[in-house]
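Welcome, and please keep your viewer open beside this text. We will go from one selection to the next.

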2 protein chains.
Amino acid sequence: MESSLHRYRSQLETTPWFRGLPVELRDYLISHASLLTLEKGQSLYRRGEQSYGLYAVLGGALAIGTVGLDGKEALLAVLGPTAWVGEISMFDGLPRPNDATAVSRTLLLHVPGAALQDLLDSAPRYWRDFALLMAQRLRVSFENAEAMTLLPAAQRVANRLLMIASGYGGLNASQRRIRVSQDSLASMVSLSRQTTNQLLRNLESQRIVSLKSGEITILDFDRLRAASLGDLNP
Amino acid sequence: MESSLHRYRSQLETTPWFRGLPVELRDYLISHASLLTLEKGQSLYRRGEQSYGLYAVLGGALAIGTVGLDGKEALLAVLGPTAWVGEISMFDGLPRPNDATAVSRTLLLHVPGAALQDLLDSAPRYWRDFALLMAQRLRVSFENAEAMTLLPAAQRVANRLLMIASGYGGLNASQRRIRVSQDSLASMVSLSRQTTNQLLRNLESQRIVSLKSGEITILDFDRLRAASLGDLNP
DNA sequence: TAAAATCTGTCGGATACCCGACAGGTCGAC
DNA sequence: GTCGACCTGTCGGGTATCCGACAGATTTTA
């Protein structure tokens with residue numbers, strides 16, 4: 001088992017957080033992990049459930065969010081390779097704060113809670129390394145809350161595309177081709193699918209992005225950045 | 001100096017996070033801290049600045065948020081006694097993610113960065129304790145993002161009042177009398193002051209809250225909770 | 001105690017966004 | 001290759017919320 005897991009090491013090291021860890025910690029995580037596959041639509045965990053450890057996305061993608069009473073969805077992020085999830089419950093031992101669901105067939109690395117406990121009991125200095133993950137997520141979360149209340153719709157969309165493309169500030173790999181349906185994007189920026197579509201088509205007509213089914217490609221980062229600041233003809 | 005600081009110990013211990021810390025850590029924090037007073041409107045720190053340590057609010061209140069280009073404000077929270085702030089930069093060493101400004105004359109406990117470094121270098125197990133603070137804030141932040149995108153305006157207001165009254169899930173003391181202007185409340189739920197006012201008056205007419213200038217008192221928690229879920233005649 | 005500053009309350013017109021509906025495209029499954 | 005599932009694109013009416021404006025109340029400052 002171990003040998004097969006080490007195949008993923010270099011892939012994992014594309015993510016800033018993981019790359020920054022001490023070697024022995026990286027070794028430990030990989031050698032105590034196992035693989036796990038989710039089919040499209042299957043959930044990794046749901047809000048309120050107990051925690052069973054830490055996960056890294058190796059292939060496919062996870063949608064992190066919550067569904068309201070009426071079925072409406074609040075999407076925080078769609079995380080692809082090689083993002084890590086599940087660290088909050090590691091610290092406070094409380095139930096998971098949101099849902100994680102596979103948007104397509106997804107391959108995961110699973111580090112069981114017990115292995116983490118053992119490690120942290122014997123080397124508590126590693127708490128800090130895992131906390132860095134939370135710090136990053138908190139910064140993203142603040143940035144998002146800010147964008148949500150300060151920016152009008154069009155700028156929110158542009159801003160979000162940049163955020164996704166950047167890998168949410170280092171949480172996962174950066175990418176210029178964004179594999180997300182307009183529907184999902186809409187519930188990330190809390191707009192309706194229809195207006196999101198309008199705003200995207202607007203960006204497309206200016207050759208800032210190009211649209212395919214289930215995919216948005218950024219053509220011009222600079223002008224997208226300008227659009228997110230509002231310095232652009234609507 | 002030390003003797004005067006110990007007067008605040010029992011006050012600090014009203015906050016769940018601080019109360020949960022090991023005794024020696026509480027001792028260390030208090031004995032390495034100093035007092036600091038901010039006048040109304042003065043800022044403790046601004047987004048982008050370097051970190052100089054950790055703070056606890058002992059009196060008055062801090063507004064945590066950001067101002068947009070146009071002067072519009074995004075308020076994350078107004079924190080009173082005895083909330084702790086400034087922990088994110090402690091972990092990643094990056095600049096502060098938002099502004100902290102005194103809304104009235106405010107008394108603060110300041111634990112300098114150097115003292116924290118010394119402590120954590122010699123006893124890295126404490127990283128975990130500080131990380132708990134981040135975990136709490138992250139949960140609040142998620143809950144908030146969720147409320148923001150899933151709930152209609154009226155429920156957002158009710159939800160937010162409950163959140164503030166609960167001390168943001170344990171971040172600071174709980175209170176039934178909320179000392180916040182309707183204006184501030186408005187920019188926390190991202191509504192205009194006018195509609196926030198309408199919604200509050202609506203709650204007042206049902207005897208769920210009572211309104212004074214700069215103050216909202218919750219009269220009926222159960223019905224406010226119902227209102228935040230939408231089970232209430234509008 | 002007077003003056004300044006801040007906060008609350010209320011009105012209507014403007015508008016950004018929602019939402020249902022439906023057609024056409026694209027993709028994966030069998 | 002064909003079918004069903006999902007996704008994109010577009011229209012128009014309905015409406016929740018914004019925004020300027022202004023008056024009165026309340027708190028703070030001098």
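Start by selecting DNA strand C and the 18 residues that surround it; a residue is near a strand if its C-beta atom, placed from the backbone, lies within 6 Å of it. The closest are A:Ala153, A:Ser192, A:Thr195, A:Ser213 and B:Gln182. The model is predicted: local features need pLDDT of at least 70 and side-chain atom pairs count only at pLDDT 80 or more, while totals for chains, interfaces and linings use all residues. Residues are numbered from 1 along each chain as its sequence is written, and chains are lettered from A and ligands numbered from 1 in the order in which they are written.

Now colour by element (helices are DSSP runs of H or I with at least four residues, strands are runs of E with at least two, numbered from the N terminus). Helix 11 of chain B gives the largest share of the surface near DNA strand C, four residues.

Next, select the side of chain B that touches chain A: 30 residues of chain B are in contact with 30 residues of chain A, where contact puts C-beta atoms, placed from the backbone, within 7 Å. Strand 5 (73–79), helix 5 (87–92) and helix 7 (127–150) of chain B each supply at least two residues of that side. Helix 7 of chain B provides the largest share, 17 residues.

How values were computed:
Two residues are in contact if their C-beta atoms, placed from the backbone, lie within 7 Å.
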